[in-house]
Amino acid sequence: MLEQNRKNIQDLLDHLDDVRQSANKLGMKLIEEGNFDLGRLLMANVCHHDASKFLGVEWDVLVLGNRQELLQTVIEQHNRSNPHHPEYYGKIQDMYDVHVAEMCCDWKARSSKFGTSLEEWIHNEAMPRYGFTKNDEIYGKIMRFVHMILDKPFARMKGK
């Protein structure tokens with residue numbers, strides 16, 4: 001049990017590090033393009049990203065894995081208590097830009113952990129789940145932030 005708890009805590013710390021790295025990268029790019037306040041606020045927000053997971057029932061269920069019968073309720077409570085989740089607002093279109101940016105960093109960390117494509121997850125999972133389309137303003141914001149976060153491993157060759 002102790003080893004599993006240690007692993008779960010390390011997973012949480014790794015997630016927080018991944019989110020922070022993406023947010024710092026995105027924040028600096030926003031600052032470089034002249035959006036100083038958004039970049040600064042994003043980097044400040046991630047200092048507290050998922051802090052609720054260290055307390056109370058979220059700690060017991062999400063990190064330590066106790067009382068799994070409460071898992072769905074705790075996830076819903078976490079989402080409704082943290083403004084980087086669309087559920088906090090009721091709908092994704094109402095989110096402030098700083099929270100959309102943090103959400104994208106969170107999604108990037110999860111996709112990296114599971115070795116999945118962030119862009120495919122957005123199109124196949126997030127769009128139907130949160131009720132937005134490619135024509136919505138929120139889609140443009142999300143994809144703009146995602147493209148600023150994602151590394152481009154190879155530059156496209158001219159003429160190919």
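Start with K113, which lies over the face of F114, 5.8 Å from the ring centre. A charge counts as over a ring if NZ of Lys or CZ of Arg is within 6 Å of the ring centre and within 35 degrees of the ring normal.

Some ground rules. This is a predicted model, where local features need pLDDT of at least 70 and side-chain atom pairs count only at pLDDT 80 or more, while totals for chains, interfaces and linings use all residues. Residues are numbered from 1 along each chain as its sequence is written, and side-chain values use heavy atoms, with hydrogens and water left out.

Now the aromatics. The structure holds five aromatic pairs; rings of Phe, Tyr and Trp (its six-membered ring) pair if their centres lie within 6.5 Å, with planes under 30 degrees apart called stacked, over 60 edge-to-face, and the rest tilted. F54 and W59 have ring centres 6.1 Å apart and planes at 20 degrees, so this pair is stacked. For W107 and W121 the centres are 4.8 Å apart and the planes at 65 degrees, so that pair is edge-to-face. W107 lies in helix 6 and W121 in helix 7 (residues 118-130), so the pair ties together parts 14 residues apart in sequence. Helices here are DSSP runs (H or I, at least four residues), numbered from the N terminus.

W107 is buried, at 9% relative accessibility, whereas W121 is partly exposed at 23%. Buried means under 20% relative accessible area, exposed over 50%, partly exposed in between, with a 1.4 Å probe and protein chains only.

Lastly, 13 of the 18 residues of helix 6 are buried, so the helix is largely enclosed by the rest of the structure.

Note on methods. Helix = DSSP H or I, 4+ residues; strand = E, 2+ residues; numbered from the N terminus.
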